[in-house]
Amino acid sequence: MSSRQTVLILDFGSQYTQLIARRIREQSVYSEIHPYNIGMERIREIAPDAIVLSGGPASCNDVDSPTISKELYELGVPVLGICYGAQLTAKLLGGVVKTSDKHEYGRAKLVPLAGSELFHGFTAGEAINVWMSHGDRVEALPTDFVLVAESENSPAASFACAKRRIYCVQFHPEVVHSPRGAEILGNFLFRICKLEKSWSMASFVDEAVAKVRAQVGDTGRIICGLSGGVDSSVVAALLHKAIGNRLTCIFVDNGLLRAGERDNVEKVFRDHFHVDLHVIDARDRFLDKLAGQTDPETKRKIIGVEFIRVFEEESNKIENAKWLAQGTLYPDVIESVSFKGPSAVIKSHHNVGGLPDDMDLELVEPLRELFKDEVRELGRELGVPENMVNRQPFPGPGLAVRCLGDLTRQRLDTLRAADKILGDEIVAAGLYDSIWQSFGVLLPVKTVGVMGDQRTYAEVFAIRAVHSVDGMTADWVHLPYELLAKVSTRVINEVRGINRVVYDVTSKPPGTIEWE
């Protein structure tokens, strides 16, 4: 077990809980999220150096509202309660929480008072901007607690018992709308909890390598399915560092890749990292199965099933294969243990998965403690080329969900060529790194055009570019008109089969990022 310092975050269902963990890790302190109801035995087992109680949608006065044991406050571990966590702390320790006549949602002015370490570096009596989101408020503080900040609608906007190192805030310091929230969290971590800045990718590499070696021992091969995306590429690089030539990577070319994808994977992992790489040319196999299919869900299922079959066939050829590597990330782990249950299904997940239960391989998941941005940082630490580390997300079914309608080889080649032009021009304009996702979509719609005094009847290419933080919501990017004009001109002049270019200006919601 790691000896690193750990901040335990107990989740009461707040939409911002993952942000708390990220903000703490950004200050080089390790944090992990668990459901509020894991119990005191498990909390003692984790032995946290600090505990944060998240916000949540419930009222602590409701029947059957989420709660914790008062024993938590007797552990001698510093506690920070945020929003619901603050109200619950007040109630459990003898304070009074009531529904506020005026709810407080959005920006608010917080006035720190003098004398609290939580607001070290702030000017007492000088208002700061914070983000509030609550309907209840603390009317009376528990014994031995003092007021340390107030707002117009929340007299007890922050309160604390310094002797017991219990601090509470009614606002959300973890969101960007609380501009000085990072300072407040930093004061809690370093001035109150006396933690050290010990969480870094360099230290994680050493820990992860040791953990992999301990798990897999000295015999048996690990199989890693490479897609060319960030997660699988970083997994492969980390495993290669841990076990060297006992790693075998399988890359399946299904005919649905972006231009140059296969060559790039071979160059990085075969030539740069010198990994045992098996490249499977399954283009005809996939495209024959997909011929005539236009329903997006059917496409996904065919691709998923066929990928499993190809992967299983190839893995069975590898002697002494005992382990299967997966790029499971921390948000997936959090979702799997969430007391809220799984989210509603909008569509099948883009990532191909679901390997058969009878596949006699044990799982290795070296990234399961990391958020996406940390995976990119890890990739840089391991020497994965920047053009691979900083790649925009790409769906598991590949161009199948961007080539709407029938997936013919000709239409896929047309989309690949147009998409490469779009990507090249976005890179040339210096915009690639600032965009969450940018790509082209080939529509099964033909329109009339005129080229060289001749009538044309060809398909439509749609440009999609969005800003996002986590892919859950997204806003369309206001690409420069000059760039759109250049892409349009090049696509129509250089790619046969397209005579019209359009730009998608739909945000998510109501739309999705991908078209299918």
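## Helices α5 and α6

Helices α5 and α6 are roughly perpendicular to each other, a label for angles of 65 to 115 degrees (under 35 is roughly parallel, over 145 roughly antiparallel, the rest oblique). Their axes come within 9 Å and cross at roughly 65 degrees. Axes here are lines fitted to C-alpha atoms, for helices over the stretch in contact, and angles run from 0 to 180 degrees between N-to-C directions. Helix α5 covers residues 201–216, and α6 covers residues 230–243. Helices are DSSP runs of H or I with at least four residues, strands are runs of E with at least two, and numbering starts at the N terminus.

The crossing of α5 and α6 is right-handed: the near helix is turned clockwise from the far one by less than a right angle. On the α5 side, the contact (heavy atoms within 4.5 Å) uses Val205, Ala208, Val209, Val212, Arg213 and Val216. On the α6 side, Leu238, Leu239, Lys241, Ala242 and Ile243 take part. Nine of these contact residues are nonpolar, none is polar and two are charged. Nonpolar means Ala, Val, Leu, Ile, Met, Phe, Trp, Tyr, Cys or Pro; charged means Asp, Glu, Lys or Arg; the others, Gly among them, are polar.

## About the model

This is a predicted model, where local features need pLDDT of at least 70, side-chain atom pairs count only at pLDDT 80 or more, and totals for chains, interfaces and linings use all residues. Residues are numbered from 1 along each chain as its sequence is written, and side-chain values use heavy atoms, with hydrogens and water left out.

## Helix α11

Helix α5 also packs against α11, at an angle of about 80 degrees and with the axes 9 Å apart. This pair is therefore roughly perpendicular too. Met201, Ala202, Phe204 and Val205 of α5 meet Glu374, Glu377, Leu378, Glu381 and Leu382 of α11. That contact has six nonpolar, no polar and three charged residues.

Helix α11 spans residues 372–382. Its buried residues (under 20% relative accessible area; exposed is over 50%, partly exposed in between, with a 1.4 Å probe and protein chains only) are Glu374, Val375, Arg376, Leu378, Gly379 and Leu382. Their cover includes α1, α5, α6 and α12. Gly383 follows α11 and has a positive phi, near 85 degrees.

## A five-stranded sheet

An open sheet runs in the order β12-β11-β10-β13-β14, with parallel pairing. Strands pair if DSSP finds at least two bridges between them. The edge strands are β12 and β14, and each pairs on one side only. From one strand to the next, the twist averages 30 degrees.

Strands β10 and β13 are joined by four bridges. Ile223 stands opposite Leu324 in β13. Helix α6 lies across β10, β11, β13 and β14, at about 160 degrees to β10. Helix α7 packs on the sheet as well, touching β10, β11 and β12. The direction of α7 makes about 165 degrees with that of β12.

## Strand β16 and its partners

Strand β16 covers residues 454–467, and ten of its 14 residues are buried. Strand β15 pairs with β16 in the antiparallel sense over 13 bridges. Here Leu442 has Phe461 of β16 as its bridge partner.

Strand β18 runs parallel to β16, joined by five bridges. Phe461 stands opposite Val501 in β18. Strand β17 pairs with β16 in the antiparallel sense over two bridges. Trp476 in β17 is the bridge partner of Val466.
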